[in-house]
Amino acid sequence: MADSDQLRVCYESVVKQNPSDIEAVHYLAIWHLERQSYQQARKYFAHMSTLKSEDADIWLCLSISCAMVWLAV
């Protein structure tokens, strides 16, 4: 397992224990976005938008993820 995969597993564990951990949710969202796993990225960005709704960057990434999911269909 690659280091990034191990780190992803650790962050997923953190999010399961504490869904409000913005750093872990952000890492997972970016991790999935970089790997073009847009549905998973959208899920994490949507969750981040509920935690930090005033952050414009989150909304931008969420809209990109949603667009990529829509284009893939």
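This is a predicted model: local features need pLDDT of at least 70, side-chain atom pairs count only at pLDDT 80 or more; totals for chains, interfaces and linings use all residues.
Of the 73 residues in the chain, 27% are buried.

The secondary structure consists of 4 helices and 0 strands, which gives the pattern α-α-α-α when the chain is read along its sequence. The radius of gyration of the chain is 12 Å, close to the 11 Å that the globule rule gives for 73 residues, so the chain is as compact as a globular protein of that length. Taken along the principal axes, the box filled by the C-alpha atoms has dimensions of roughly 30 × 30 × 15 Å. When contacts between residues at least 6 apart in sequence are considered, 30% of them join residues at least 24 apart.

Within this arrangement, R8 is located in helix α1, which comprises residues 3–17. The relative accessibility of R8 is 17%, and R8 therefore counts as buried, the cut-off for that class being under 20%. With its neighbours within four places in sequence set aside, R8 is in contact with Y27, L28, W31 and H32. Of these residues, W31 also presents the face of its ring to R8, which lies over that face at 4.9 Å from the ring centre.

A charge is likewise placed over a ring at K43, whose charged end sits over the ring of Y44, 4.8 Å from the centre of that ring. As for pairing between aromatic rings, the count comes to 1 aromatic pair.

How values were computed:
Residues are numbered from 1 along each chain as its sequence is written. Side-chain values use heavy atoms; hydrogens and water are left out. Helices (H or I, at least four residues) and strands (E, at least two) are DSSP runs, numbered from the N terminus. Buried means under 20% relative accessible area, exposed over 50%, partly exposed in between (1.4 Å probe, protein chains only). Contact means heavy atoms within 4.5 Å. Rings of Phe, Tyr and Trp (its six-membered ring) pair if their centres lie within 6.5 Å; planes under 30 degrees apart count as stacked, over 60 as edge-to-face and the rest as tilted. A charge sits over a ring if NZ of Lys or CZ of Arg is within 6 Å of the ring centre and within 35 degrees of the ring normal. The radius of gyration is taken over C-alpha atoms; the globule rule is 2.2 Å times the number of residues to the power 0.38.
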